[in-house]
Amino acid sequence: MKQIVAIIKPFKLDEVREALSELGVSGLTVTEVKGFGRQKGHTELYRGAEYVVDFLPKIKVEVVVTSAMLDAAVDAIVKAAHTGKIGDGKIFVTTVEQVIRIRTGETGEAAI
């Protein structure tokens, strides 16, 4: 099993969720986060005063999938989140050793 953590632009969330749902992904976790990468924030003008926005709003999507579904899920996220502009985000993939469904006690892939 693998965990996919994708940092994406907020307005791309619905597209990413729909793309994963079409693959049969049954659940995901979404968190509103702030951060910056190579874009290093930007300068904005508010009531005539300039100020620097260091941390930009992003969405963190976390999903656990079977190893067989990994490539399809990553491809779906990339296609759905892609704008071609700076700040599209990143995807991190890690190995999950164990999954346990608290309600039923199921373990492994049955608990996903």
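What follows is a short chat about a predicted model, covering confidence, salt bridges and a pocket.

Me: Where is confidence lowest?
Reply: In strand S3, residues 42-46, with a mean of 67. Confidence is highest in S1, at 98.

Me: Switching to charges. How many salt bridges does a search of the whole structure find?
Reply: The search finds 3.

Me: Take Asp88. Which residue does Asp88 form a salt bridge with?
Reply: Lys9. The closest N and O atoms are 3.9 Å apart.

Me: What does that pair tie together?
Reply: Asp88 sits in the loop between helix H2 (70-81) and strand S6 (89-95). Lys9 sits in the loop between strand S1 (2-8) and helix H1 (13-23). The pair therefore ties together parts that are 79 residues apart in sequence.

Me: And is Asp88 buried or exposed?
Reply: Asp88 counts as buried, at 17% relative accessibility. The cut-off for buried is under 20%. Lys9 is buried as well, with a relative accessible area of 13%.

Me: OK, next one. Which residue does Glu15 pair with in a salt bridge?
Reply: Lys12, with the closest N and O atoms 3.1 Å apart.

Me: How about accessible area there? What is the value for Lys12?
Reply: Lys12 has a relative accessible area of 9%, so Lys12 is buried. Glu15 is partly exposed, at 38%.

Me: Then Arg101. Which side chain does Arg101 meet in a salt bridge?
Reply: That of Glu106, at 2.9 Å from N to O. Arg101 is partly exposed, with a relative accessible area of 27%. Glu106 is partly exposed too, at 33%.

Me: New topic: pockets. How much space lies in the largest pocket?
Reply: About 340 Å³.

Me: Which residues lie nearest its centre?
Reply: Ser26, Gly27, Val64, Ala111 and Ile112. The lining of the largest pocket has 19 residues.

Me: Which element gives the largest share of that lining?
Reply: Strand S5, residues 56-65. Strand S5 supplies 4 residues of the lining.

Me: Last thing. How do the lining residues divide into nonpolar, polar and charged?
Reply: The lining of the largest pocket has 10 nonpolar, 6 polar and 3 charged residues.

Notes. Residues numbered from 1 in each chain as written. Predicted model: local features only at pLDDT ≥ 70, side-chain atom pairs only at ≥ 80, totals over all residues. Heavy atoms only, no water. 1 Å grid on protein atoms, 1.4 Å probe; cavity = no way out; pocket = protein on both sides within 12 Å on 5 of 7 lines; lining within 4 Å. Points joined across faces, edges and corners; volume = space filled by probe spheres on them. Helix = DSSP H or I, 4+ residues; strand = E, 2+ residues; numbered from the N terminus. Nonpolar A, V, L, I, M, F, W, Y, C, P; charged D, E, K, R; others polar. Salt bridge = Lys/Arg side-chain N within 4 Å of Asp/Glu carboxyl O. Buried < 20%, exposed > 50% of the residue type's maximum accessible area, 1.4 Å probe, protein only. pLDDT = per-residue confidence, 0-100.
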